Amino acid sequence: METYYHPHDLGKFAEMGKGNKDLWEKFMAYYSAVFAEGALTEREKALIALAVAHAVQCPYCIDAYTQASLEKGSNIEEMTEAVHVACAIRGGASLAHGVQMRNVADKLSM
Amino acid sequence: MNLLCNPVGAFLPPKQEAFEAQFRKELQSRHGVEFNRLYTITNMPISRYLEFLLESGNYEQYMERLANAFNPAAAAGVMCRYTISVSWDGALYDCDFNQMLDLPVDHGAPAHIRDFDPVQLNHRQITTRNHCYGCTAGSGSSCGGSVAS
């Protein structure tokens with residue numbers, strides 16, 4: 001079936017380096033540093049990445065960080081909670097903008 | 001008490017050191033349980049696990065994952081370099097996985113215990129197949145857990 005996103009395209013990610021090797025290498029160096037063990041564990045960072053992947057709705061990132069989370073030792077309950085955190089923040093962000101709606105409505109109303 | 005962890009699915013095991021620390025913390029705080037070591041072991045793409053990979057459509061992706069995670073440092077510490085498996089009838093195998101696959105010692109050393117020759121065995125060429133990527137991926141895998149940091 002023809003789809004816009006192909007799972008095997010994730011393997012072509014490195015081809016982005018062909019357009020600008022310098023920027024690609026800088027990005028990858030930064031990316032590696034970000035995900036290295038630090039104040040947060042690699043497992044915790046993978047869970048954050050999984051949640052963000054859902055927030056930005058990147059299918060490649062969802063594939064990659066579902067696998068990474070499992071390989072870092074997270075279980076499906078923890079991963080599901082991470083997705084709910086993304087869901088809550090996205091939903092909460094919409095709802096919080098209801099304050100703007102109320103502000104405008106208050107100003108317009110008699 | 002030592003704990004053993006195999007991934008329950010088509011993915012690699014966590015890093016042993018980090019996973020051991022996580023388990024030590026969780027088991028202590030939740031259940032007051034202490035243990036000595038936790039060993040992580042990679043699932044070999046053979047037998048029942050191979051059937052699972054094929055039936056679930058994960059075989060190609062898993063093999064690619066293993067191959068891409070090939071670690072020369074892990075390859076230097078794999079068990080077949082310093083142990084052999086002996087079957088009930090005395091046949092010699094480079095490891096228990098090769099034994100399961102009926103791949104006896106070959107390439108320069110006798111394949112039976114009656115002809116046991118440590119010098120020749122030390123210099124034999126180990127019989128390898130695609131499943132060997134299971135022991136050389138990431139931090140490596142052996143009966144004693146990972147073999148490289």
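Reader: Is Y5(A) buried, partly exposed or exposed?
Author: Y5(A) counts as partly exposed, at 44% relative accessibility. Please bear in mind that this is a predicted model.

Reader: How does the ring of Y5(A) sit relative to that of Y60(A)?
Author: The two ring centres are 5.6 Å apart and the planes of Y5(A) and Y60(A) stand at 85°, so this pair is edge-to-face. The angle decides the matter because planes over 60 degrees apart count as edge-to-face.

Reader: Where in the chain do those two residues come from?
Author: Y5(A) belongs to the segment before α1 (21–35) of chain A, whereas Y60(A) is in helix α3 (residues 59–71) of chain A. They are 55 residues apart, and the pair links distant parts of the chain. Y60(A) is partly exposed as well, with 22% relative accessibility.

Reader: How many aromatic pairs are there over all chains?
Author: The whole structure contains 10 aromatic pairs. One of them joins Y4(A) to Y5(A), again edge-to-face, with 5.3 Å from centre to centre and 80° between the planes. Y4(A) counts as exposed, at 74% relative accessibility.

Reader: Turning to the core, which residues make up the largest nonpolar one?
Author: That core has 10 residues: A46(A), L47(A), A49(A), L50(A), A51(A), Y65(A), A68(A), M79(A), A82(A) and A86(A). The elements contributing two or more residues are α2 (42–55), α3 and α4 (76–96) of chain A. Helix α2(A) gives the largest share, five residues.

Reader: What salt bridge does E78(A) form?
Author: The side chain of E78(A) meets that of R43(A), at 3.0 Å from N to O. This pair links distant parts of the chain, as E78(A) lies in helix α4 and R43(A) in helix α2 of chain A, 35 residues apart. R43(A) counts as buried because its relative accessibility is 15%, while E78(A), at 23%, is partly exposed.

Reader: And which residue does E25(A) bridge to?
Author: E25(A) forms a salt bridge with K21(A), whose closest N and O atoms are 2.9 Å apart. Both residues lie in helix α1 of chain A, four residues apart, about one turn of the helix.

Reader: On to the interface: how much area do chain A and chain B bury between them?
Author: They bury about 770 Å², of which 41% is on carbon and sulfur atoms. Three residues, Q67(A), L70(A) and E71(A), supply 62% of the area that chain A buries against chain B, more than any other three. Seven residues of chain A and 10 residues of chain B take part in the contact.

Reader: How many salt bridges are counted between chain A and chain B?
Author: There are two. E71(A) and R65(B) meet through their side chains at 2.4 Å, N to O. This pair joins two chains because E71(A) lies in helix α3 of chain A and R65(B) in helix α3 (residues 59–68) of chain B. E71(A) is buried at 8% relative accessibility, and R65(B) is partly exposed at 30%.

Reader: What does K15(B) bridge to?
Author: K15(B) pairs with E42(A), the closest N and O atoms lying 3.1 Å apart. A network of salt bridges links E42(A), K72(A) and K15(B).

Reader: Finally, is L92(B) buried or exposed?
Author: L92(B) is buried, with a relative accessible area of 0%. This residue is found in strand β4 (residues 92–93) of chain B.

Definitions and conventions. Residues are numbered from 1 along each chain as its sequence is written. Chains are lettered from A and ligands numbered from 1 in the order in which they are written. This is a predicted model: local features need pLDDT of at least 70, side-chain atom pairs count only at pLDDT 80 or more; totals for chains, interfaces and linings use all residues. Side-chain values use heavy atoms; hydrogens and water are left out. Rings of Phe, Tyr and Trp (its six-membered ring) pair if their centres lie within 6.5 Å; planes under 30 degrees apart count as stacked, over 60 as edge-to-face and the rest as tilted. Buried means under 20% relative accessible area, exposed over 50%, partly exposed in between (1.4 Å probe, protein chains only). A nonpolar core is a set of buried Ala, Val, Leu, Ile, Met, Phe, Trp, Tyr and Cys residues joined through side-chain atoms within 4.5 Å. Contact means heavy atoms within 4.5 Å. Buried area is the accessible area (1.4 Å probe) that two parts lose on being put together, summed over both. A salt bridge is a side-chain nitrogen of Lys or Arg within 4 Å of a carboxyl oxygen of Asp or Glu.
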